[in-house]
Structure formats: structure tokens, C-alpha cells
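I opened this entry to record what I looked up, one item at a time. The notes follow the order in which I checked things.

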Amino acid sequence: MRVERTNAHYHVGFNNRNAPLSNPRFRAAVARLVDREYLRTEIFEGFATPSLSPLGLRTTAGDEWQSNHPNGFAGRSGTGTVDETTAHELFRKAGYMYNENDELVARQ
């Protein structure tokens, strides 16, 4: 097996021209559902460095995307498992609501 540094770049982004992704609060909630540590270890087998933007701003211990920070991953970092209660609260704060079946239905 050969492992070497590459200039390849993988990016998860949002087309924010149309709702609901035009809502920055909605985008912030969705961004908190991405477990960067899980992607780094499980998908890229440890051969990746998470970043905050396509400009290469890297995540480091103590930055805003760490799971122990109030704006970090909405779950247990590294497991890929989102905390459902936290996720629901993020969408409520973004102006969305849930019906009696606990389904996201509409913006308030």
C-alpha cells in the first residue's frame, strides 16, 4: 500500500439560493449534524484534516467545531451518531417546528 500527500479536496457545501438553505440559521443547524471526526477516521481512514472552509482553515482542538464546544457537532464526536434532541432544538431555534409525529413540518 502506498500513502502520499495529495492536493485533492473534498467539500460539503450548500446551494444557498433557495429555501431552506437560503436561511443561515438552517445552514448552521445542518452544519452541526456533520461529524467531521467520523468522516476523518472512518471515511478517510485517518488520512484527512477537517477544515472549516474550502480555504483550508483547519479545525484544531478547542475550536468551534469540537464536540465539547456549544457550536460543535450535535452528537458524540467520532461516532457519526447525532443526538436527536439536540438536532430538534437546533431546527426549532432556526424557526422550524415539528408535528405530533415528531416530523419537521414547516417554518414558524
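**Aromatic pairs**

I began with two phenylalanines: Phe-26 and Phe-91 are both buried. This is a predicted model, so I read all of what follows with that in mind.

I then looked at Phe-26 with Tyr-96. The two form a tilted aromatic pair, 5.3 Å centre to centre, with 50° between the planes. Phe-26 sits in helix H1 and Tyr-96 in strand S3, so this pair ties together parts 70 residues apart in sequence.

How many aromatic pairs does a search of the whole structure find? I got 2. The other pair is Phe-26 with Phe-91: the ring centres are 5.4 Å apart and the planes stand at 50°, so this pair is tilted. Phe-26 belongs to helix H1 and Phe-91 to helix H3, so parts 65 residues apart in sequence are tied together here.

I noted that Phe-26, Phe-91 and Tyr-96 make up one aromatic cluster.

I checked burial against the cut-off. Buried means under 20% relative accessible area. Phe-26 has 10% relative accessibility, so Phe-26 counts as buried. Tyr-96 has a relative accessible area of 9%, so Tyr-96 is buried as well.

**The core**

Next I asked which residues make up the largest nonpolar core. I listed 8: Phe-26, Ala-29, Ala-74, Leu-90, Phe-91, Ala-94, Tyr-96 and Tyr-98. Helix H1 (24–31), helix H3 (84–93) and strand S3 (96–98) are the elements that give two or more residues to this core. I kept one general remark beside this: in soluble globular proteins, nonpolar side chains tend to be buried together.

Setting aside residues up to four places away in sequence, Tyr-98 touches Ala-87, His-88, Phe-91, Arg-92, Glu-103, Leu-104 and Val-105.

**Helix H1**

I turned to H1 by itself. Phe-26, Ala-29 and Ala-31 are buried in H1. The buried residues of H1 pack against H2, H3 and S3. At the N-terminal end of H1 I found a cap, Asn-23. A side-chain oxygen of Asn-23 lies 2.8 Å from the backbone nitrogen of Arg-25.

**Asp-35 and helix H2**

Where does Asp-35 lie? I placed Asp-35 in the loop between H1 and H2. Asp-35 caps the N-terminal end of helix H2 (residues 36–43), with a side-chain oxygen 3.3 Å from the backbone nitrogen of Glu-37. I also found the backbone nitrogen of Tyr-38 at 3.2 Å from a polar atom of the Asp-35 side chain.

I looked for a salt bridge and found none: Asp-35 is buried, and the nearest side chain of opposite charge, Arg-36, is 7.6 Å away. Leaving aside neighbours within four places in sequence, Asp-35 contacts Phe-73, Arg-76, Ser-77, Gly-78, Thr-79 and Gly-80.

After H2 I noted Glu-45, which has a positive phi, near 50°.

**Whole chain**

The chain has 3 helices and 4 strands. From the N terminus on, I read the elements as α-α-β-β-α-β-β. Buried residues make up 20% of the 108 residues in the chain. I also looked at contacts between residues at least 6 apart in sequence: 39% of them join residues at least 24 apart.

How values were computed. Residues are numbered from 1 along each chain as its sequence is written. This is a predicted model: local features need pLDDT of at least 70, side-chain atom pairs count only at pLDDT 80 or more; totals for chains, interfaces and linings use all residues. Side-chain values use heavy atoms; hydrogens and water are left out. A nonpolar core is a set of buried Ala, Val, Leu, Ile, Met, Phe, Trp, Tyr and Cys residues joined through side-chain atoms within 4.5 Å. Buried means under 20% relative accessible area, exposed over 50%, partly exposed in between (1.4 Å probe, protein chains only). Contact means heavy atoms within 4.5 Å. A polar contact is a pair of N or O atoms within 3.5 Å; within protein, one must be able to donate a hydrogen and the other to accept it, and residues adjacent in sequence count only if both atoms are side-chain atoms. Rings of Phe, Tyr and Trp (its six-membered ring) pair if their centres lie within 6.5 Å; planes under 30 degrees apart count as stacked, over 60 as edge-to-face and the rest as tilted. Lys and Arg count as positive and Asp and Glu as negative; His and the chain ends are not counted. A salt bridge is a side-chain nitrogen of Lys or Arg within 4 Å of a carboxyl oxygen of Asp or Glu.
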